[in-house]
Each structure stands twice: as C-alpha cells, then as structure tokens.
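Trainee: Could you walk me through this one, starting with how the helices sit together?

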Amino acid sequence: MSEKREPGFDRTLALVLRIGAFAGFFVMVAGVIAAIVVDGTISARLELSGVLIMLFTPLVRVFVAMVLFFRERDWRYGWISAGVLLILLLGSMFGIGER
C-alpha cells in the first residue's frame with residue numbers, strides 16, 4: 001500500500017459511522033417520544049432497534065473497510081479487516097467473554 005490512501009477512503013468510513021450514530025440516536029429518540037405519546041410495546045421496540053443500530057455500526061464499519069482495502073488491492077489490510085470482522089461476528093454469535 002502506498003503511504004497516501006485515496007481521500008474518499010477515510011470519508012467513506014466516517015460517513016458510515018456518522019450515519020450509524022445518527023440513525024441509532026434518532027430511532028432511540030423516536031422510541032422515547034412514542035413512550036410518552038403512546039402506551040405499548042412499540043416504544044420498547046423502537047428503543048431496542050436504536051440500540052441494535054448502535055451496536056451494528058462498528059461491525060458495518062469494519063466490513064466497509066475490508067471492502068475498500070480489497071478494492072485498493074491492499075491485501076494485507078483487507079485480510080486483517082476480514083479477521084477482525086470474523087472475530088466480531090463470532091463474539092456476537094457465541095457470546096465470547098460472557099460468563
């Protein structure tokens with residue numbers, strides 16, 4: 001890999017994080033507003049959805065980084081990103097670290 005990456009690389013990763021953070025925040029706010037206005041399970045589901053969006057944002061960021069590294073033909077960092085993605089997925093599926 002050359003010392004200078006494509007400028008769109010970092011902007012793309014920042015955009016993924018920004019979209020995930022704002023989407024999770026606004027969905028959680030919608031859940032809080034729904035709890036105030038309407039009584040029911042919709043508010044709890046909206047709040048849970050917001051939390052899940054926040055949890056999946058780093059996973060999506062690692063996936064996007066992997067794709068961008070492979071697109072730039074930077075095989076080393078592409079495979080490192082794939083390994084990190086695999087660790088995150090396995091940790092999520094099997095609850096690694098949970099007692």
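Trainee: Is the crossing of α2 and α3 left-handed or right-handed?

Mentor: The crossing of α2 and α3 is left-handed, a term used when the near helix is turned anticlockwise from the far one by less than a right angle. Bear in mind that this is a predicted model, where local features need pLDDT of at least 70, side-chain atom pairs count only at pLDDT 80 or more, and totals for chains, interfaces and linings use all residues. Residues are numbered from 1 along each chain as its sequence is written, and side-chain values use heavy atoms, with hydrogens and water left out.

Trainee: And at what angle do α2 and α3 pack?

Mentor: Helix α2 (residues 41-71) and helix α3 (residues 75-94) pack at about 155°, with axes 8 Å apart; axes are lines fitted to C-alpha atoms, for helices over the stretch in contact, and angles run from 0 to 180 degrees between N-to-C directions. The two are therefore roughly antiparallel, the word for angles over 145 degrees.

Trainee: What classes of residue make up the contact of α2 with α3?

Mentor: That contact has 15 nonpolar, two polar and no charged residues, where Ala, Val, Leu, Ile, Met, Phe, Trp, Tyr, Cys and Pro count as nonpolar, Asp, Glu, Lys and Arg as charged, and the others, Gly among them, as polar.

Trainee: Switching over, how do the axes of α1 and α2 cross?

Mentor: The axes of helix α1 (residues 7-37) and α2 come within 7 Å and cross at roughly 175°, so α1 and α2 are also roughly antiparallel. Their contact divides into 22 nonpolar, eight polar and two charged residues.

Trainee: Which helix supplies the largest share of the lining of the largest pocket?

Mentor: Helix α2 does, with four residues, and the lining as a whole has five nonpolar residues, one polar and no charged.

Technical notes: Parallel < 35°, antiparallel > 145°, perpendicular 65-115°, else oblique.
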